[in-house]
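Okay, thanks everyone for coming.

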Amino acid sequence: MATIGISTEQHLNMYRDMWRVRKFELALEREFKRGKVPGMLHTGLGQEATLVAVAHSLRREDGIFPDHRCHGLLFLKGTPGAKIMAELFGKATGVCSGKGGSLHSADVTVNNFGDNAVEGSFMVTALGVGLGWKMQGKDSLVAVMVGDGTAGRGEWHESLNLASVWKLPILYCCVNNGYAISTPVAFSHATGDLVEFATAYKIPAVQVDGNDLLAAYQATQEAVAHIRAGKGPYFIEYKTWRWQGLFSGEFRPKEEVQYYMEEHEPISMAKAYLLKEGIVEEQQLEAIEKEVENEIESWVQFAMESPQPDPAKATANVYVGWEVESWQ
Amino acid sequence: MAVMTTVQALNDALGLMMAEDHRVFCLGEDIGKMGGDFGVTRGLYDEFGGERVRDTPLSESAIIGTAVGAAMVGMRPVAEIMFADFIGTCYDQMVNNAAKVHYMFDGQFRAPIVVRTACGGGFGGGPHHSQQVEGWFMNVPGLVIVAPSNPYDAKGLLISSIEDDNPILFLEHKALYRLKGEVPEGKYRVPLRQAKVVREGNDITLVSCMKTLHDCLAVAEELASEGISAEVIDLRTIRPWDHDTVLHSVRKTGRAVVVNEAPKIGGLAADVSAVISEEAFSSLKAPVMRVCGLDTPIPFSLPLEKLILPDKDKIKQAVLKVIKF
């Protein structure tokens, strides 16, 4: 893969961001197991290259609908990482005051419209953001992160159809990690190549190796250029693999696990490329890893030390302008 | 003052708000050139164009989702779901998205959408074109349900709803679309969350909304000639509804009958009667009674439908039972 005009600085930034995603999730997983993170946990481990490729292709004013494996994207979009970590801990200092959590962390200041934990439901919300901005004459685009399992939802099809008909500035980022919880993609959909659905709706669509940072980045850059030129939506299927198995344990074949965690693992692939091309020295990469470690642990520390939400928050912001009854 | 049908009053409200505020736009099935299944958007396409009077495919989830997304970036969408029964197909968008956006992100986003929909039975529409759906939404925090009973309120409430920052389900009873009434020209507002005492009385309070409100008024008129003075309240906003106006009336009359076209179980009438019992028990001279639709879907046959829905006779019988308690 050619380096498509990427500066050394950007190579290093992207490499750093992959580690930020990785170490954020590892720290979160550790604290979840220690009982410090309430609720459920879905991680983006193994999908770092895809998330970084998307993040580095968006502007601050572009919109994002992150899905449940996008913790990394939440801070890569521009929200301070400590506020994201605190939200996942359910704390007052979280980006939604602890009311949204892992599955609903939005930040209006960076046009992060939040996850909708009913997988795929926000695909139609994104139509409205795209339409609203188009009607307002803005040139921002909105990226929608969806998993492969989402292809079964009616909203998937309603959204692709209308984005195509209305030529909306929507970037569909389909993160195909092979399984909807335990069900292989091709088992429950007419095709395991989800890109074919988008093609059927006359949306330009490509399939790319989502573990290959530069391939994913280049595909995303081309998609973004298409949308910014006013040509309507674009669909990318990032083929990747999630580290997280099931709550009951690993369910996938040993060879597959080994392949994705050792041979086709996104960070080591990126590292090998940078070293092979002589873009950086190994020492630099090691220093980055250490710096990221300290950064993420400082976010964990901030989240741990943050207070629980003010009790008044329980009944706040149900309606605009009206209060609801409370126990007091 | 001009005399208008409810359809004309709603159309007038939409036209006024679209002319005044470029953020307001309509979307729904066949609302453009055709003007909507009931003519509520008639003429708006010619005046404002297809961008702002936007025809959609039969994608109800996309209609509501598009409205919410556009509202999140500052627009004021008015969505039409052709028949209220169809809301089942976009229920998730209403209850998990529109109603929760403001709360779950702790106030960062708002979803000021209006979802207009034609509801109600009595015309042989059958199981999928006749239902009152407020019961489906009574348990949804964050959502507001508005339900006018006449052309004046229809226009004023729609204007208030478009200006309000909350997601609003705006119920339009089909039996009231052709009802005529005096409607002022230009813009005026009917406040949300305020019920109205539409007939004063001292012996019993009838609480209702939409079509059955008119049945209550007819019964009150009949009862007057029999020496019973009934007060009639139109809730107008049915979620969250105006406790004060209802309780004030019941504390005066000591009796209440709550009338709602939807099935009795878990519905609006259940909530109204529960609040009366909790808050005004010591004023009550008799138990609160509910007159509602039976616990059935709506059949196609008109005689069967008539058996199921509340009407004047059923309301009168309930009133007399409460009076004689």
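So, to start: what is the strand order in the open sheet of seven strands in chain B? Keep in mind that this is a predicted model. The order reads β3-β2-β4-β5-β7-β6-β12, and the pairing is mixed. At the edges sit β3 (53-55) and β12 (237-239) of chain B, each of which pairs on one side only. If you ignore direction, neighbouring strands in this sheet are turned by 25° against each other on average.

Let's look inside that sheet. Strand β5 (residues 114-119) of chain B runs parallel to β7 (residues 168-173) of chain B, and six bridges join the two. Now for a helix: α3(B) lies across β2 (24-28), β4 (76-83) and β5 of chain B, and it runs at about 165° to β4(B).

In total, 32 residues of chain B are in contact with 34 residues of chain A. On the chain B side, the elements giving two or more residues are α3 (60-72), α4 (91-98) and α5 (101-104). Which of them gives the most? That's α3(B), with nine residues. By class, this side of chain B has 13 nonpolar, 14 polar and five charged residues.

And what does α3(B) pack against over in chain A? One partner is helix α6 (residues 154-166) of chain A, at an angle of about 70° and with the axes 9 Å apart. That angle makes α6(A) roughly perpendicular to α3(B). From α6(A), the contact uses A:Gly154, A:Glu155, A:Glu158, A:Ser159 and A:Leu162, while α3(B) brings B:Ser61, B:Ala62 and B:Gly65. Sorted by class, that contact has two nonpolar, four polar and two charged residues.

Here's another helix pair, within chain A. Helices α1 (residues 8-33) and α11 (residues 266-276) of chain A pack at about 160°, with their axes 10 Å apart. So α1(A) is roughly antiparallel to α11(A). Their crossing is left-handed. On the α1(A) side you'll find A:His11, A:Tyr15, A:Met18, A:Trp19 and A:Arg22, meeting A:Pro266, A:Ile267, A:Ala270 and A:Leu274 in α11(A). This contact has seven nonpolar residues, one polar and one charged.

Back to chain B, and strand β10 (residues 204-208). Is it buried or exposed? Five of its five residues are buried, so the rest of the structure largely encloses β10(B). In a regular strand, side chains alternate between the two faces of the sheet. Here both faces are covered, with B:Ile204, B:Leu206 and B:Ser208 buried on one side and B:Thr205 and B:Val207 buried on the other. Five bridges join β10(B) to the parallel strand β11 (residues 230-234) of chain B, and B:Ile204 stands opposite B:Ala230 there.

Most residues other than glycine have a negative phi, and most peptide bonds are trans. B:Met210, in helix α8 (residues 210-224) of chain B, has a positive phi of about 50°. B:Met210 is buried, with 27 other C-beta atoms within 10 Å. B:Asp30 has phi near 60° and counts as partly exposed, with 15 C-beta neighbours inside 10 Å. Finally, the peptide bond from B:Arg239 to B:Pro240 is cis, with omega near -15°. You'll find B:Pro240 in the loop between β12 and α9 (243-253) of chain B.

Definitions and conventions. Residues numbered from 1 in each chain as written. Chains lettered and ligands numbered in written order. Predicted model: local features only at pLDDT ≥ 70, side-chain atom pairs only at ≥ 80, totals over all residues. Contact = placed C-beta atoms within 7 Å. Helix = DSSP H or I, 4+ residues; strand = E, 2+ residues; numbered from the N terminus. Nonpolar A, V, L, I, M, F, W, Y, C, P; charged D, E, K, R; others polar. Axes fitted to C-alpha atoms, helices over the stretch in contact; angles between N-to-C directions. Parallel < 35°, antiparallel > 145°, perpendicular 65-115°, else oblique. Left-handed = near helix turned anticlockwise from the far one by under 90°. Buried ≥ 20, exposed ≤ 12 C-beta atoms within 10 Å, placed from the backbone. Pairing = 2+ DSSP bridges.
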